[in-house]
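Student: I'd like to learn how to read an annotated site in a model. Can you walk me through one?

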Amino acid sequence: MSQYIKIGKLQVAEGLHRLIEQEVLPGTDVDKQQYWDGFERILTELTPENRSLLKQREEIQQKMDEWHQQNEGIGEREAYRSFLKEIGYLEPEQSDFHVETTRLDDEIAVQAGPQLVVPANNARYALNAANARWGSLYDALYGTDVIDETDGATKGTSYNPVRGEKVIARSKQFVDSIAPLERASHEQVTSYRIDEEGQLIATTSDGTETPLRHPGSFAGYQGKPSEPTSILLKHQNLHVDIQIDRDHPIGKSDKAGVKDIEVEAAVSTIIDFEDSVTAVDAEDKVDVYRHWIGLMKGTLSTKVSKGDKTIERTLNPDRQYVSPKGESFELQGRSLMLVRNVGHLMTTDLVLDESGQEMPEGIVDTLVSSLIAKHDLLGNGKYRNSRKGSIYIVKPKMHGSKEVAFANRLFAEVEKMLGMSPNTLKMGVMDEERRTSLNLKNAIRAVKERIFFINTGFLDRTGDEIHTSFYAGPMIRKGEMKTSAWLNAYEDSNVTYGLATRLGDVGQIGKGMWPMPDEMKAMIDNKESQLTAGGNTAWVPSPTAATLHALHYHNINVDSVQHHLRNELESRFDELLDIPVEANPSWSQKEIQEELETNAQSILGYVVRWVEHGVGCSKVPNLQDIGLMEDRATLRISSQHMANWLYHGICTEDEVITTMKKMARVVDKQNADDPNYTSMSDDFENSTGFQAALDLVLKGKEQPNGYTEPVLHEKRQEHKSKAKANI
Ligand SMILES: CC(=O)SCCNC(=O)CCNC(=O)[C@H](O)C(C)(C)COP(=O)(O)OP(=O)(O)OC[C@H]1O[C@@H](n2cnc3c(N)ncnc32)[C@H](O)[C@@H]1OP(=O)(O)O
Ligand SMILES: O=CC(=O)O
Ligand SMILES: [Mg+2]
């Protein structure tokens, strides 16, 4: 139990109080009195509105439930639409406008490129993510299935030159595609130099000298002009760095001494406080905030051990180059860091009111994460995150424009209190709840001076699709959602509104996560479609995925895609209302069991680690042994899907429980090598992880909007107290 310090009528957890006063406030030009007065005022004034917005969500859901209980499917389409308007779910659309956000960094406004997401409470990963601005193409190709293992090109345990050659050839072909030489391929080059005019000249083995076909692609170099150690190329606003070192084990055996080709990869990174994180009490949350401080001040470090080597991981410095004209310049060494706060739903014991009630966690997140980021604005940190003086906050799971307007008010109040100019706090709006998708134009309008992205969080969005129309009928199988009409209409209409409001010109139209971290060949083959659909950024789960996904932005010119799409804008509103129910379910018992097992296994595999180990994002092998990224959003889908089938009698409660037990044994086996893992199947009754998984399904219908946080938090807290009691 936390100790509390009184701040006016509020009580602030001692850990947070200490963090703010000792680690955050000094150097921010905000004094203690000013901060705590503002903190109390904003929480006191905004909490009632936050609660009232949640109440409206509940009322709307109740009316939705009643509608579906009284009507078959959506009922008559026009009547359904009128009903949605009547209950305030569908808002009257306002007049046209354009997004007016200013002071956006190039990473948001100019560069189309990958966006990485990382759990904030994992320092090792968070540092790695911030450093993933630059990624080794050689490593990314060598270590993944993009290069197949045929013809002796196996990965093995030590360097395999046969595989190495394939990697090098593929990488140089990529360089040929973005910065071709006039008369040769980069594969034929034996040396590079920069001539007196500042031109890049490549020499091949027969003595041919050739410049680049487009000399403007050469952006700079390191080392001597006659013997550069790095050659910087620029293509579609992204950089590529050919690194040369003839003494390096790889460079030694390369004709041109190339040891690696680094690509600009994770242009931006979301430091996540939300769905990939477990933070269930003041203690956990203070750790999350402390990492954000370390990232903003540039002081975060952690020891990373691999085999018998231990290194200290810290943030990478900026990179120095000399331009073709001979002038020195720098490029950012780190990804532009954005922070995802939690949404409007959850409350936190970080701050209590007079009666001991927890206050909204989303408000506290904004109050704390903005103050921390002020260090970057003032240039207090070792490095600069935003060079334009902006703080980027991603706001998830908002329902409709009123909730966005509420977040806008919160941001404005926090700016005033912290002495920041208006619209310093930029907002990224996750388009991941149905009510927001249907009212997206109004939602964007509510923050038109501070919005920096919209993003199709299709995972949460699928969970919300199921829960909103829970009573409409049994949902189609989970695997069919990706190709269903509503989902495609949702993706398209997000781009439509992003382009119509000109958000695409000043900021990002973002696309969702690639949730299969090991399936990189499939990603290379498929994820480019998010660019051709109009996205100028899309989410990746790891630095390796960022490096490989970056290749798509060289292949596709998103500006021109968006230019063409602008002329093809059409509303797919009707399809957005298509609820993915199976009107005449005829699944065989085998198909039903397959679906239940798939869902149960992914729920259990994720939840047991969440509740018992405090891991908020996991790679869980599915029944085909493909590791899937599971977070709270994927859990929302699986748990709501099972709950929906249970309600509609596609399966019985007994079948759910039996399947859960069967899959718990599978998950136990998958974790058998983990010495800290407690088997669920040894004692189902007392396994907190197993009971949490069951609750998520058996009580799924009652969960607010189908969210998983309430059950997860309760069970994790229970587990933590049991663990403390046993010490
Ligand atoms: C719907 C949504 O909200 S999506 C947003 C939430 N999702 C995320 O944030 C995804 C975050 N990703 C992850 O947590 C991980 O990639 C997982 C859990 C999916 C897979 O993790 P693992 O199984 O540990 O990865 P794997 O073993 O393949 O690789 C580990 C290495 O990759 C790095 N890595 C993996 N993911 C990340 C990441 N997101 N950021 C930075 N580094 C990462 C690790 O630092 C580690 O390298 P290190 O040993 O040098 O430190
Ligand atoms: O936050 C992302 C999602 O898909 O949900
Ligand atoms: Mg989400």
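**Reading the annotated site**

Tutor: Let's begin with Phe458, which lies in helix α14 (residues 458–468); helices (H or I, at least four residues) and strands (E, at least two) are DSSP runs, numbered from the N terminus. This is a predicted model, where local features need pLDDT of at least 70, side-chain atom pairs count only at pLDDT 80 or more, and totals for chains, interfaces and linings use all residues. Residues are numbered from 1 along each chain as its sequence is written, while chains are lettered from A and ligands numbered from 1 in the order in which they are written.

Student: Is Phe458 buried or exposed?

Tutor: A residue is buried if 20 or more other C-beta atoms lie within 10 Å of its own, exposed if 12 or fewer, and partly exposed in between, with C-beta atoms placed from the backbone. Phe458 has 24 within 10 Å, so Phe458 is buried.

Student: Which residues does the "binding site" annotation cover?

Tutor: In the unreviewed UniProt entry, Arg340, Glu432, Gly457, Phe458, Leu459 and Asp460. UniProt positions follow the numbering used here, feature names are shortened, and annotations may be inferred rather than shown by experiment. Arg340 sits in strand β17 (residues 336–340) and counts as buried because there are 25 C-beta neighbours inside 10 Å.

Student: What surrounds ligand 2?

Tutor: Go by C-beta atoms, placed from the backbone, within 6 Å of the molecule. Here the shell includes Glu432, Gly457, Phe458, Leu459 and Asp460, along with Gly512 and Met513. Helix α14 gives the largest share, three residues.
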